[in-house]
Amino acid sequence: MTGSYRLPMPSTSSPHDDHGRFVRLLLPAEKAVRCYLRSLLRSRDEVEEVLQRASIVAWEKFDQLEREESFPQWLCGIARLEALNLTRQAARDRLRLAPDVIDLLADESPESENGALDRVQQQADALRKCLAELPSQQRLLLDRVYASGERMTEIAAEIGRSADALHQTISRSRRRLADCVSKQIAAAEAAE
Amino acid sequence: MSPTNQDRPDDDNENGINNDDLMLLYLDGLADEAEVATLSDRMRSQPQFRERFRLLCVIDASLSDVSSLELTAEEAPPSKSQGSAVDNVPRPAARRRVASLFLAATSLTLIFGLLFWQSGGNSIRSDVATPNLGVVVASPEETSDESVLFATGQAVQVGQWELTAGVTRVRLDSGVDLAFNGPALFELHTPMSGTLSSGEVTATVEERAIGFRLEAAQLEVVDLGTSFRVRVDRGEASVDVLDGEVEARVDGGNADRLLASESLTVSRDGRTVRGLAKQPDEPTESTSQRSPYEVSGDLRWLEQMPSDLRPQRFEHEYVLAMRERRNVDLAAIISTHAAVLVPQPGRTPQADGSLGFDRLFASNADDAESSWVDVVLLHFDGFGQNALERSDATGVIRFDRPIAAVIIDGRALNATDIVCGDPNTTYGTKPVREFDWDSKPEMRDYITISGDRRSLSVQLKVSFGVDQIRVLLPSDAATKDEFDQ
């Protein structure tokens with residue numbers, strides 16, 4: 001009865017608990033971080049790739065997170081480094097924004113500016129309202145372009161239109177949405 | 001919502017391209033080198049330009065997140081009765097029932113849609129088809145007749161699905177497998193969300209589709225990497241977690257995490273009850289099949305420890321037996337000074353009110369049949385939240401070896417949680433978990449030990465508390481030797 005086996009004492013946080021806690025923090029935060037990354041990276045695929053890498057790094061370093069409230073900013077900081085690594089490797093890509101401009105956008109990050117991440121979230125919330133005001137056909141088209149994962153040229157071919165015409169149509173919708181979001185935010189700020 | 005230039009940076013039309021167009025061309029990957037260079041220059045010199053670019057990035061990234069396209073009831077566009085333009089778009093109907101009236105209506109819609117398209121009255125026209133988002137992989141009616149909706153191999157789209165009796169399985173491209181046990185009424189909103197209005201669906205979600213959301217009456221379930229089943233019947237909704245975990249929210253309230261084997265039921269009046277999930281291949285009546293021990297009556301074996309065993313957190317009509325821990329040092333249990341009892345054959349409490357059990361003290365721990373024990377917990381928390389709602393249960397569990405000891409006193413249960421309990425389970429610490437042997441006869445609990453001390457019969461009654469019994473069984477010798485090395 002006096003063997004070397006030590007009783008496994010209950011831990012306050014098991015890996016299982018940590019995983020659940022991590023996922024709960026990650027899901028709402030990654031939306032805002034995705035928006036931030038979009039301004040630094042050339043394509044939506046790159047955004048998803050960097051976001052995935054950042055999530056893995058965040059999970060590996062999760063025990064270093066001091067306060068749960070700061071998780072979005074912390075994740076944003078990790079994502080920023082990952083994104084800059086990728087853009088520096090592709091510095092000669094002439095179809096990408098100039099490196100100094102990317103640095104400028106990165107430095108004006110939600111991570112470095114108090115409340116900026118909230119602003120991104122406000123904009124995303126306002127977007128939902130604006131989408132509701134968009135004519136249904138425009139919304140369906142946006143849904144098709146964004147949710148299907150197909151390239152714009154493929155969708156254009158399927159519906160018998162040129163890629164340029166489809167781009168113009170989608171662009172009109174997005175401009176309307178951007179104007180609507182700006183108005184919503186301005187109205188909310190004026191009301192405060 | 002009219003377009004406005006008030007928030008845009010200078011709308012310079014150099015080269016025929018305004019600033020927004022330049023930014024959107026870049027975001028769509030359609031800008032050439034010269035356009036990207038122009039964009040960089042403007043971005044470098046104009047802070048308001050960067051601000052507008054960031055806003056367009058928020059829109060682009062949010063639209064990529066398919067769930068943001070889904071609208072709530074308040075946000076939804078006008079219904080058909082209000083004559084929205086989308087009514088003229090021939091959307092692939094996703095209803096299984098193919099009535100002649102429905103076919104006629106569909107044909108008319110198609111004809112009017114085609115006429116509308118040819119008239120050129122709308123700039124987008126009817127060529128905006130709803131995309132295919134998945135495929136039917138199993139159907140109760142195997143047929144090649146394309147007029148039968150939801151036949152195996154048919155593509156599925158957003159919309160309302162009416163499924164007849166039998167099992168229909170749909171695989172969504174997003175990484176979600178939906179198995180409907182019909183009849184069921186379901187609406188797919190996006191590849192990552194849907195609403196079940198009636199019937200039953202089991203969702204198996206791949207890692208890439210974590211976040212898949214399913215609404216059912218007042219219940220909203222968000223997948224966190226799992227398989228779960230949702231049922232809606234006459235306004236009552238429930239979710240059973242079969243594997244992994246989910247986040248459940250009732251009426252938009254706080255999210256509650258449910259783990260494998262747990263369930264949550266929301267009644268029509270909004271009352272919630274947490275309990276034990278019914279496994280799909282394990283009907284309630286035969287839950288003893290997987291049990292390592294023979295169980296009968298109102299007793300069921302639970303393969304996995306629940307995350308929360310505090311009162312009213314894991315209610316069930318059955319007494320649940322589960323393995324808490326293996327190979328626990330009995331001396332460590334006794335050292336907690338808890339009332340560890342060696343049971344004697346017969347029923348207790350006895351007629352004179354005594355327990356008839358011997359207390360196991362630290363000094364006589366070596367007299368126990370084994371110094372290493374496995375711990376099995378019996379837990380009974382019947383439905384009901386006050387003293388007027390009392391639940392009774394009677395059952396038997398027969399072990400493959402004689403019972404070494406039992407722990408039935410509330411304080412003793414509390415004291416031994418740290419040694420015997422599952423570290424991932426939360427236990428109630430108030431004295432509401434004990435076996436009632438000294439209360440009024442109508443509230444008294446009874447246990448009976450068989451002559452060979454291998455069977456334990458329970459007669460338990462609970463109201464606002466729970467009844468728990470820890471049963472200590474000698475560990476396997478091989479395991480003991482392993483740990484003694």
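Two strands are taken to pair if DSSP finds at least two bridges between them. The structure is a predicted model, and the points below should be read accordingly.

1. Strand β12 of chain B meets strand β19 (residues 391-398) of chain B through four bridges, and the two run antiparallel. Within this pairing, B:Val295 has B:Ile397 in β19(B) as its bridge partner.

2. The pairing of β12 and β19 belongs to an open sheet of five strands in chain B, ordered β12-β19-β22-β21-β16, with antiparallel pairing. Its edges are β12 (294-297) and β16 (346-348) of chain B, each of which pairs on one side only. On average, neighbouring strands of the sheet are turned by 15° against each other, direction ignored.

3. Strand β10 (residues 262-266) of chain B is mostly covered, four of its five residues being buried. Strand β8 (residues 236-250) of chain B runs antiparallel to β10(B) and is joined to it by four bridges; B:Val239 has B:Leu264 in β10(B) as its bridge partner.

4. β10(B) also pairs with strand β11 (residues 272-276) of chain B, in the antiparallel sense and over five bridges. Here B:Ser263 has B:Gly275 in β11(B) as its bridge partner. The hairpin of β10(B) and β11(B) has five residues between the strands, and in it B:Gly270 adopts a positive phi near 90°.

5. Over all chains, the structure holds one disulfide. It is formed by A:Cys130 and A:Cys180, whose sulfur atoms lie 2.1 Å apart. The pair links distant parts of the chain, 50 residues apart: A:Cys130 is in helix α5 (residues 116-133) of chain A and A:Cys180 in helix α8 (residues 163-191) of chain A. The link is left-handed, with -85° about the S-S bond, and both cysteines are buried.

Key
Residues numbered from 1 in each chain as written. Chains lettered and ligands numbered in written order. Predicted model: local features only at pLDDT ≥ 70, side-chain atom pairs only at ≥ 80, totals over all residues. Heavy atoms only, no water. Disulfide = S-S within 2.5 Å. Buried < 20%, exposed > 50% of the residue type's maximum accessible area, 1.4 Å probe, protein only. Axes fitted to C-alpha atoms, helices over the stretch in contact; angles between N-to-C directions.
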